Amino acid sequence: MAQSTVTDAQLIARVVVQDDRHAFSELVRRYQSIIRATLRRLTAGNHALADDLAQETFLLAYRNLKSFRQEARFSTWLHRIATNAFLADARKRKEELLGDTVAEVADDDDAEMPAAGDATGDHARASNLRMDLERAMAVLSEGERAAIVQCYHNDLSHEEAAYVLNCPVGTVKTHLLRGKQKLKAQLEAWNT
Amino acid sequence: MTERPDTTDDWLERTLAADAQEFRAGYLADDGFTARVAAALPPAAVALPAWRKPAVFVLWTLIAIGAALALPGAALDVAWESLSFLARHKISVTDIASALLALGAASWAGAAFALRRDD
């Protein structure tokens, strides 16, 4: 792809120095997929909310691009903005979201959860388990979910995740540990 | 991820790893997202023409000269009145020092306020 010969740093410089909107659009095009997909995970599959937050993320990135010091990768910086936007939004909607999630999980537990025996073979079982995992992520706190998504799905180190989540490395490790304990308990409960 | 405390034979670790692999392999089509972001960007600042600053300077200079010509003697009157006012009132060294100190403090406070960082 001819466009990829231009580095992120060159595009950022064009935006900062010349307010080049085309350069910024190219940056959005490069990272929209990973940011939107991450936010879909963080919002437990709420695509409309994820896209709204992704748009907010890129607009914030545009406004604050001058303050980007290139100490982290551009993608990591975007993840930080996206995670902050998600956590701020989650704080605002906490009550509403919590109610919905509990009700949804309770409903799923009763009716929609496929029995482990429905699937035949290891592959089908693993596939079912992954679908269950996606749903089980909804029972985690926002911090735990963000830590798991950043460390596993976005493959960030604990240090990078701490930068993205704006918290100490120890907190990331705690979120991971607790998140995995909850996931394990939830998945085991569904499969017994 | 470089550090992972749990062992890889844990079924949850395997499931998370497989899920993460599938997640990274996926690509979301743009579907107009980039265009929506571009449309939501704040309007571009209108660049001011290069001749604007010198033109403003020349204009104010002309206004000042015009005012000076239209009001002959006004500046001289102000200067004489100021001198006679100062002559009528005795100003001690302490007064001057106090005034300088107050001016200095105001300047430093102003500079500190202007250079503050909003961290």
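**Chat: helices and contacts in a two-chain model**

Modeller: Let's start inside chain A of this predicted model. The axes of helix 7 (residues 158–165) and helix 8 (residues 169–190) of chain A come within 8 Å and cross at roughly 100°.

Biologist: So are helix 7 and helix 8 of chain A roughly parallel or roughly perpendicular?

Modeller: Roughly perpendicular, because angles from 65 to 115 degrees get that label, and that is how helix 7 of chain A sits relative to helix 8 of chain A.

Biologist: Which residues in the two helices meet?

Modeller: From helix 7 of chain A you have His158(A), Glu159(A), Ala161(A), Ala162(A) and Leu165(A). They meet Val169(A), Val172(A), Lys173(A) and Leu176(A) in helix 8 of chain A.

Biologist: And how do the residues of that contact divide by class?

Modeller: The contact of helix 7 with helix 8 of chain A has 6 nonpolar, 1 polar and 2 charged residues.

Biologist: New topic: how many salt bridges are there over all chains?

Modeller: The count comes to 12. One of the salt bridges joins the side chains of Arg30(A) and Asp8(A), at 2.7 Å from N to O. Arg30(A) is in helix 2 (residues 21–42) of chain A and Asp8(A) is in helix 1 (residues 8–18) of chain A, so this pair links distant parts of the chain, 22 residues apart.

Biologist: Why can side chains like that pair up?

Modeller: Side chains of opposite charge can do so when their charged atoms come close.

Biologist: OK, what about the interface of chain B and chain A, how many salt bridges there?

Modeller: The rule finds 3 across that interface. Among the salt bridges in the model is Arg41(A) with Asp19(B), where the side chains meet at 2.6 Å, N to O. The interface also has 11 residue pairs in polar contact.

Biologist: Which elements give two or more residues to chain B's side?

Modeller: Helix 1 and helix 2 (33–40) of chain B. Helix 1 of chain B gives the largest share, 11 residues. By class, the side of chain B that touches chain A has 19 nonpolar, 4 polar and 10 charged residues.

Biologist: How many residues does the contact take from each chain, and what area is buried?

Modeller: It takes 33 residues from chain B and 39 from chain A. The buried area is about 3500 Å², with carbon and sulfur atoms giving 63% of that.

Biologist: Back to helix 1 of chain B: at what angle does it pack with helix 6 of chain A?

Modeller: Helix 6 (residues 142–153) of chain A and helix 1 (residues 11–25) of chain B pack at about 70°, with axes 9 Å apart. They are therefore roughly perpendicular to each other. Among the residues making the contact are Ile148(A) and Tyr152(A) from helix 6 of chain A, and Leu16(B) and Phe23(B) from helix 1 of chain B.

Notes:
Residues are numbered from 1 along each chain as its sequence is written. Chains are lettered from A and ligands numbered from 1 in the order in which they are written. This is a predicted model: local features need pLDDT of at least 70, side-chain atom pairs count only at pLDDT 80 or more; totals for chains, interfaces and linings use all residues. Side-chain values use heavy atoms; hydrogens and water are left out. Axes are lines fitted to C-alpha atoms, for helices over the stretch in contact, and angles run from 0 to 180 degrees between N-to-C directions. Helices (H or I, at least four residues) and strands (E, at least two) are DSSP runs, numbered from the N terminus. Angles under 35 degrees count as roughly parallel, over 145 as roughly antiparallel, 65 to 115 as roughly perpendicular and the rest as oblique. Contact means heavy atoms within 4.5 Å. Buried area is the accessible area (1.4 Å probe) that two parts lose on being put together, summed over both. A salt bridge is a side-chain nitrogen of Lys or Arg within 4 Å of a carboxyl oxygen of Asp or Glu. A polar contact is a pair of N or O atoms within 3.5 Å; within protein, one must be able to donate a hydrogen and the other to accept it, and residues adjacent in sequence count only if both atoms are side-chain atoms. Ala, Val, Leu, Ile, Met, Phe, Trp, Tyr, Cys and Pro count as nonpolar, Asp, Glu, Lys and Arg as charged, and the others, Gly among them, as polar.
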